[in-house]
Structure formats: structure tokens, C-alpha cells
Amino acid sequence: MKNCEYQQIDPRALGTSNTRTSTTLPCGRKNSQRLRRKWEVFPGNNRFYCDGRIMMGRQCGVLPLTIGLIFITSGLFFTFDCPFLVDRLTVFIPVIGGVLFVFVIMTLLQTSFTDPGILPRALPDEAVDIERQIDNSGSASYRPPPRTKEILINDQVVKLKYCFTCKMFRPPRTSHCSMCDNCVERFDHHCPWVGNCVGKRNYRFFYAFIVSLSFLTSFIFGCVITHLTLSKFPNICILNPSCTVAELVICFFSIWSILGLSGFHTYLVASNLTTNEDIKGSWSSKRGEESGNPYTYNNIFTNCCVVLCGPIPPSLIDRRGFLPPDDAPQTVTSDTELPPFMSKNDANMCTQGTKELLQSMALSTVIQSTCTPGTPKTAPVTQESLLRTVSITVSPPNRPPSTGCSGHQAQRPIDVSCSQKGNKRSAHHTHKPMLRVSSPPYSLSHSPLILSDGPDMGFIPLN
Amino acid sequence: MSSAPRTATERTKLPYCHESFHNLQELRHSASLANKVFIQRDYTDGTVCKFQTKFPSELDSRIERTLFEDTVKTLNNYYAEAEKIGGQSYLEGCLACLTVYLIFLCIETRYEKVLKKISRYIQEQNEKVYAPRGLLITDPIERGMRVIEISVYEDRGSSGSSSGSSTTSSSGR
């Protein structure tokens with residue numbers, strides 16, 4: 001060979017980067033354009049703070065209410081109950097309360113601000129490759145790609161659904177959250193109380209949060225009852241009775257829901273299930289087939305260890321990584337290579353997709369006339385598929401209301417939200433009609449991104 | 001028009017001669033991207049990260065089957081090591097829980113360490129095996145662990161090499 005003088009491949013020239021954060025800036029770049037980070041062009045409905053270090057869902061939901069309730073109740077407890085109880089009982093009461101309070105707040109913030117396991121969307125060339133693979137029969141008419149693919153996991157048939165928004169077959173246990181508009185791995189549910197999805201990477205924080213919160217509310221409730229009981233003998237006035245009563249009321253109502261939720265999630269952890277799977281009854285024996293959860297280790301202890309203490313994969317969206325500069329000359333691959341985020345400058349994917357759709361429709365007649373004669377199949381494809389996407393994008397996307405712990409389907413009814421507060425039995429009866437994939441309204445509007453990019457790329461979708 | 005063919009049918013007509021790329025620098029300067037091959041995930045063992053070892057037909061004339069399978073199998077082993085559930089991962093998990101998960105700010109988890117090993121391995125494989133054959137592997141972490149992307153390059157006709165002339169004739173089509 002081959003004197004292998006390895007030199008770091010310049011990501012701008014090839015459109016790929018070997019390091020996750022391309023910190024090697026080129027010397028001799030002509031314009032001093034600020035390099036943008038990937039979080040700035042992230043297509044999902046997420047908010048980013050501290051230059052991409054912190055992320056959460058678009059709607060914070062009732063997170064401020066959650067934090068407020070915890071602070072107020074704990075504040076009242078420390079102010080009004082602790083002095084009395086330290087006198088009468090022991091100094092450890094505020095210590096234990098303090099430790100629990102800190103634990104609750106830390107785990108809550110970690111649940112809210114951690115990437116739940118979002119899968120980045122497929123790049124256009126990947127999406128094209130998938131479409132080509134699943135439609136290799138070469139028929140002349142355009143067919144939308146089949147929505148499911150069946151695979152075998154531990155001798156159990158599992159259906160993988162095709163996500164039209166993210167342009168990929170979702171891995172097992174992955175679900176698309178309609179609130180955040182992302183596919184999330186091991187999707188549990190979208191929790192408005194923490195303002196974020198709960199998925200693979202932050203489930204253990206969520207579980208720690210609800211367990212510690214149940215301990216905290218029970219502890220405060222117990223201390224308040226003790227305070228009220230002890231202060232009747234010998235008839236000493238409570239420092240501020242209304243505050244104590246307020247704490248009592250808040251704790252009483254929280255305890256039922258939080259304890260119920262903790263119990264439910266302990267059951268899920270022990271059987272290695274997600275809320276999504278449990279609500280949908282994916283592995284229940286009610287379906288009449290021999291179906292069991294293929295992911296369980298059939299041992300409660302192992303399941304708990306795996307779910308709570310297993311390794312956390314790093315965030316896949318690399319939000320603090322730098323984008324390749326927009327004006328990348330790409331002298332080598334200008335015709336065929338598309339920079340990953342070239343078409344995604346607009347934060348709102350829907351408007352961008354519609355704009356490009358209209359532009360591409362205007363161009364499509366020109367494209368067809370200049371297409372090489374070797375591709376008769378693509379010409380009618382482009383036109384017909386554009387027409388289909390136009391007819392579908394006219395209907396506005398169905399966004400679900402922001403209240404309720406809804407699952408990934410947009411039409412999930414509101415009373416499913418009660419399931420997260422302990423009434424999981426009612427949820428079992430309400431999930432059935434909502435199982436159909438509701439992706440067309442909001443996700444097919446994204447398909448123009450492929451079609452309009454077609455002329456720029458070396459490979460045009462063949463159907 | 002650039003040398004890269006615009007449709008899949010045209011690409012299949014490329015003469016896949018073995019262009020000799022001596023190093024990645026040469027690849028960068030003289031090559032143009034012809035095609036991308038995607039190796040998908042293999043979910044038969046559950047949600048663990050594992051890629052299919054099936055040899056894609058597009059690489060038939062570019063690289064030996066055994067080399068390719070070795071690379072994918074080694075990557076699969078690395079990922080299995082990262083996601084292994086055992087004593088060390090439990091220790092990490094319990095320690096993290098006790099410190100309210102703040103320990104993740106200070107130490108690097110085993111997963112991250114293995115990912116670094118993987119990217120070093122991929123760089124080494126690119127240098128030694130793939131770049132001389134005009135191929136380039138992209139680290140799966142860049143693609144959200146969905147696929148292993150292999151970029152197939154064709155020589156754009158570097159002056160003086162015999163293979164260059166044949167590709168310039170093909171690019172003239």
C-alpha cells in the first residue's frame with residue numbers, strides 16, 4: 001500500500017463528520033459567519049436553554065404549578081410545623097424533610113430538562129433508501145410505503161410502524177409524541193406535570209421523582225397530623241392554623257394520586273413495561289394469542305435493575321454540536337450530497353414543508369421535461385405524489401389539547417389522562433378505537449422535503 | 001454536469017474498477033460521492049443496538065465480504081459491551097441514584113467510554129480498509145444509531161492514474 005497518512009476528514013467537503021462535535025474550524029474560510037449549533041434548527045417542538053444544555057417540551061404544561069405546589073407546601077411545613085416539632089420531638093424532622101425536598105426538586109428538574117431519548121429524524125438520503133427498499137417491486141403507480149414491518153423478538157412477533165414525520169421505521173418500543181413531535185425511545189408517556197416526555201433516558205429520574213414525592217407528601221402529612229394532635233395538649237395555639245390546614249388539604253389530595261402513580265409505575269418497572277404498552281394492552285393475554293412481553297427478564301429483581309440501574313445511552317440529537325456552515329462550497333460533492341440540515345432552517349417544519357411543496361409544484365413541470373429519458377417512472381410519480389400531499393396537507397394537523405397525559409396518538413381521549421393519576425382501569429377501556437395510526441394530517445406535510453429536494457440529489461425516489 | 005450519475009439506473013452502469021485511494025486526503029480531494037449504502041438495525045435480540053451483518057449487494061465489487069462482516073460484528077460487540085447489564089452498570093446506577101444523578105456531570109459513563117472506543121475503531125477501519133477501496137463509514141451515532149452509513153466514492157479522474165481515465169469516460173455519459 002499505501003502510505004496511510006490519515007488526515008481528519010473535513011466534514012464540509014464530504015458532508016459527513018467523524019467527530020460528534022466538529023470543532024476543527026477550517027483555516028481560510030472566507031466569511032465570518034457564526035457557526036450554528038444543531039439545537040437551533042432542531043425540527044421537533046422542544047425548547048432549549050443555556051445554549052442547548054437544557055431542553056424541555058414546547059408546552060411546559062403545568063410544570064410551574066408542580067414546582068409551586070412543592071415549594072409552597074414544603075415552605076409552610078418548614079416555617080410553621082418544624083419549629084414546634086423540633087421542640088417537641090427531634091431535630092431530625094427538618095433534616096429528613098430537607099433531604100426529601102432536595103431529592104424531589106433535583107429529580108423533577110432532571111426529568112424535565114433531560115432528553116428523554118429522542119431519535120433524530122432520518123436524513124433525506126436515508127429516507128429515500130428505505131422507500132426504495134420497501135417498494136422494490138418496481139410498480140409504475142405510486143403507493144405510499146407500507147406502514148408496518150414485522151420482526152421477531154425473542155420468538156414474539158412485533159410490528160414496527162413507519163413514522164411519516166421522522167421518515168423511518170420506529171425501533172421497538174419507540175413511539176412518536178404528538179406534543180413534542182419527536183420519536184422517543186422506550187416512550188412511556190408525555191407528562192404535563194414535568195413538561196416533558198418520559199422515555200428511555202429519563203424514566204429513572206421520573207420514577208425517583210414520584211417515589212420521593214410520595215415519601216415527602218406522606219412525611220409532611222404525618223408531621224402535620226402529629227403537630228395538630230400534639231398541640232391540643234395542653235391547648236397551645238398553633239402558630240398559624242390556616243397554613244397548617246392548607247398543607248393538610250394539599251397533602252391529603254396529593255397522597256392518593258401520587259401514591260397511586262408510584263404504585264402503578266412500580267408495577268411497570270417490575271414487569272419491564274411502559275405506560276404506553278400497558279394502556280394499549282400490547283402484551284396482554286386478552287388478545288387471545290400467545291403474547292407475552294418479549295422484553296421482560298421474567299424476574300422482578302432483574303427487571304427493576306435493568307430499568308432503573310441499566311446504562312443510560314447518551315443523547316442522540318447532539319444538540320450542542322455545530323452545523324456545517326450553510327455556505328459550504330462542497331466542491332467535491334455539490335450535486336449529490338445534501339447537508340443534513342440544509343432545508344430545515346425554519347423552526348416550524350409545517351410551513352417550510354408547505355412552502356417547498358408549492359415551489360416544487362411550480363418546478364415539477366419543468367423538471368419532468370428535463371428529466372433524463374431513463375427515468376420514466378419518476379416523472380408521473382413526482383406529479384402524482386405531489387398532488388396527493390397537497391390534498392392531505394390542506395387539512396390542518398390535529399394537535400391534541402395540552403392537558404392530560406396523552407400518549408403519542410393525537411386523538412387520544414382526555415380521560416386517559418386520569419389513568420396517570422391512578423385510575424388505570426378506566427384507561428384499558430378507552431384505548432381501543434384510538435390505535436390507528438393518525439400520521440397523515442401532520443406528517444405527510446413533511447414529505448415534500450424529499451420530493452422538492454429530489455432534483456438536487458443524486459437519487460430520486462423510484463417507485 | 002458533475003460525474004455523479006443522477007439516477008439509480010445510471011449508477012448501476014458504473015464500472016466498478018478498483019480505484020486506488022492511497023489515503024483519506026486523496027479521497028477527499030479527488031472523489032465524488034456516488035452512492036450511500038445503509039446498514040439497518042437488527043432487532044431480533046430486542047432493543048439492544050445491533051446491526052445487520054447481511055452483505056449489501058452494492059458493495060459486491062468494492063470490498064471483500066469477510067472484511068465487511070468483521071467490521072459490523074466488531075461494532076456489534078462494542079455496542080453489546082456498552083449496553084451490558086452487570087456489576088459495573090448497577091454500581092454506576094446506584095451511585096448515581098444516591099448522588100441524585102449529579103455524578104453524571106462529573107464522570108464519564110461506561111457507555112460514553114465505549115462510544116469513544118467505537119469512533120476510534122471506525123476511524124482506524126476507514127484509514128486502513130475502507131478508504132483505500134473508496135468507501136467511508138459514518139459513525140452510527142451521527143445518524144442516531146439508526147444505520148451504519150457507508151459512502152461509496154468514485155474517483156473523479158485524478159491525473160496520471162489509469163483508473164482515472166476509465167472513470168472520466170464514464171462520467172462523460
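Predicted model: local features only at pLDDT ≥ 70, side-chain atom pairs only at ≥ 80, totals over all residues.
Let me begin with a pair in chain A, where the side chains of A:Arg173 and A:Glu277 meet in a salt bridge at 3.0 Å, N to O, a salt bridge being a side-chain nitrogen of Lys or Arg within 4 Å of a carboxyl oxygen of Asp or Glu. This pair links distant parts of the chain, since A:Arg173 sits in the loop between strand 6 (168–169) and strand 7 while A:Glu277 belongs to helix 7, 104 residues apart; helices (H or I, at least four residues) and strands (E, at least two) are DSSP runs, numbered from the N terminus.

Residues are numbered from 1 along each chain as its sequence is written, chains are lettered from A and ligands numbered from 1 in the order in which they are written, and side-chain values use heavy atoms, with hydrogens and water left out.

Are the two partners buried or exposed? A:Arg173 counts as buried because its relative accessibility is 12%, and A:Glu277 is buried at 9%, where buried means under 20% relative accessible area, exposed over 50%, and partly exposed in between (1.4 Å probe, protein chains only).

A:Thr274, in the loop between helix 6 (241–270) and helix 7 (275–280) of chain A, is buried at 1%. Leaving aside neighbours within four places in sequence, A:Thr274 is in contact with residues including A:Arg173 and A:Asp188, contact meaning heavy atoms within 4.5 Å.

A second pair in chain A is A:Arg121 with A:Asp181, again a salt bridge, at 3.1 Å, N to O. Their loops lie 60 residues apart in sequence, so the pair ties those parts together, and both A:Arg121, at 8%, and A:Asp181, at 4%, are buried.

In chain B, the closest N and O atoms of B:Glu64 and B:Arg133 are 3.2 Å apart in their salt bridge, and here B:Glu64, at 39%, and B:Arg133, at 21%, are partly exposed.

Turning to the nonpolar cores, sets of buried Ala, Val, Leu, Ile, Met, Phe, Trp, Tyr and Cys residues joined through side-chain atoms within 4.5 Å, the largest has 44 residues, and A:Phe209 is among those with the most contacts inside it. Helix 5 of chain A gives the most to this core, with 11 residues, whereas a second, separate core of 39 residues includes A:Met168, B:Phe55, B:Leu59 and B:Ile150.
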